[in-house]
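Please read them alongside the coordinates.

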Amino acid sequence: MAGGFVSGAPSDRALHYEYRITGYFIFACIVAALGGSLFGYDLGVSGGVTSMDDFLKEFFPKVYRRKQQHLKETDYCKYDNQILTLFTSSLYFAGLVSTFAASYVTRNKGRRASIIVGSISFFIGAILNAAAVNISMLIIGRIFLGIGIGFGNQAVPLYLSEMAPAKIRGAVNQLFQLTTCLGILVANLINYGTEKIHPWGWRLSLGLATVPATLMFVGGLFLPETPNSLVEQGRLEEGRKVLEKVRGTTKVDAEFADLIDASNAARAIKQPFRNLLQRKNRPQLVIGALGIPAFQQLTGMNSILFYAPVIFQSLGFGSGASLYSSVITSGALVLATFISMGFVDKFGRRAFFLEAGTEMICCLVAVAITLALKFGQGETLPKGIGIFLVIVICLFVLAYGRSWGPLGWLVPSELFPLETRSAGQSVVVCVNLLFTALIAQCFLASLCHLQYGIFLLFAGLILIMSTFIFFLLPETKQVPIEEIYLLFQNHWFWKRYVEDGEQVETNGKSASQV
């Protein structure tokens, strides 16, 4: 049987875990999840700003002039400008580099420290962007924003997964995706309003990124550190007190014992990044660190979010209507996240990946066929065709928003053992942002050259990634985070790596003791 169906039973100790939902736990998770709003606000605002005429006239006059021409070849190509896309993707290149510094801070200073550093850097970047007078200042501001996102995306998913009880870990972790989606929605609403403010509306859109950064910083000052991180740092008494507060009970002996065991293993690891490469950690490396974060971007979803205003404007909706259409799609993303939060701990991660993947393939093929038949001749799309495209894209967003969107952060954050968790999450963020940047940099050029074929390409990639999930990912729902590694010992494919890796490690220790 395909090992994807394997589910590992929790240990006897895990059966004694107790918890109840407390106000302290809710506060900690909501404040930490604000980190997603930084990522989401930027995703939403950058695409809208790059379609605003005032912004283009000031920084990209060639793109503005091309946009005004209704020539046959510009239907797909009017926004194809590498400097313009560098404005967007520079943030993600900065984020993927900074996430390795974030790994050191997260492991040695705690998850809370990385959250605070991220909020400060994001605030600085927002100020620079709002005050920009040339392209260099824009790019420097984007780099500071990227550092903020690198730190935030590294620490927040870990924080939420470690704070959450195993039975509701899926829903709690998806608070990160929920705030990301709400950030996108708010950014699109702001763009819709600021587009009418000439000539500085775009500055207001970029400058309002200081609001979520400020909320995250102030909240972070009062945020408790996770029990896992406190124990990892050797602060056992403090770790137990926090565990008792977030679980709402003093009966935490079983869970605390698991944390100490995991911490002892973690302290023995001096080079966590090198440890990730060991044979016994191959499942986490391939699935969590490389496969899922790369595939999350290769669905094509972030391309649609970056350039939803651009896509709809190219489809002939007009500038205001395009931002309005983007609000509709980002609203669908928020709705989808609530669906996923409500059911992911009941139906499991695999079911959402596979069902939604099938739906996404169908939607992309429908978009490609429609564009092949009706678009690219220098004419505005008929209203009926335009409405059909918006509906299909919304269905695609609903499917992504309950699967690859939230699960792309949830599953990697719960796969790694404590000793490689911070390093592993850094690789997750690095790979995610690398592919985000590459997609951002290449999408408009690809749209120009491949035209409707770009959507068929994404459909083929989703078929490949769904096959990857079906055969290689075991179900992780309701399994305690410090016992996830046991799943791979029973998996049809991964057990050979885990067993061989542990045997090699044991033999190595025996030889060194002789």
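**Notes on the model**

1. This is a predicted model. α5 passes α7 in a right-handed crossing. The contact of α5 with α7 is made of 19 nonpolar residues, 10 polar ones and one charged residue.

2. Now the geometry of that pair. Helix α5 spans residues 82-108, and helix α7 spans residues 135-163. Their axes come within 6 Å and cross at roughly 40°. Angles under 35 degrees would count as roughly parallel; α5 and α7 are therefore oblique to each other.

3. Next, the cysteines. The structure holds zero disulfides. For C362, the nearest cysteine sulfur is that of C363, 6.9 Å away. A disulfide needs the sulfur atoms within 2.5 Å. C362 is exposed, at 53% relative accessible area. C363 is in no disulfide either. C363 counts as buried, at 7% relative accessibility.

4. Salt bridges number 18 in the structure. E255 pairs with R247 at 2.9 Å, N to O. Both of these residues, E255 and R247, are buried. R349 and D345 also meet in a salt bridge, at 3.1 Å, N to O. R349 and D345 are buried too.

5. E359 and R402 deserve a look. Their closest N and O atoms are 2.6 Å apart in a salt bridge. The pair links distant parts of the chain, 43 residues apart. E359 lies in helix α19, and R402 in the loop between α20 and α21. E359 is partly exposed, with a relative accessible area of 23%. R402 is buried, at 12%.

6. Finally, a network. Salt bridges link R107, R111, E162, E232, R421 and E482.

Conventions
Residues are numbered from 1 along each chain as its sequence is written. This is a predicted model: local features need pLDDT of at least 70, side-chain atom pairs count only at pLDDT 80 or more; totals for chains, interfaces and linings use all residues. Side-chain values use heavy atoms; hydrogens and water are left out. Axes are lines fitted to C-alpha atoms, for helices over the stretch in contact, and angles run from 0 to 180 degrees between N-to-C directions. Helices (H or I, at least four residues) and strands (E, at least two) are DSSP runs, numbered from the N terminus. Angles under 35 degrees count as roughly parallel, over 145 as roughly antiparallel, 65 to 115 as roughly perpendicular and the rest as oblique. A crossing is left-handed if the near helix is turned anticlockwise from the far one by less than a right angle, and right-handed if clockwise. Ala, Val, Leu, Ile, Met, Phe, Trp, Tyr, Cys and Pro count as nonpolar, Asp, Glu, Lys and Arg as charged, and the others, Gly among them, as polar. Buried means under 20% relative accessible area, exposed over 50%, partly exposed in between (1.4 Å probe, protein chains only). A salt bridge is a side-chain nitrogen of Lys or Arg within 4 Å of a carboxyl oxygen of Asp or Glu.
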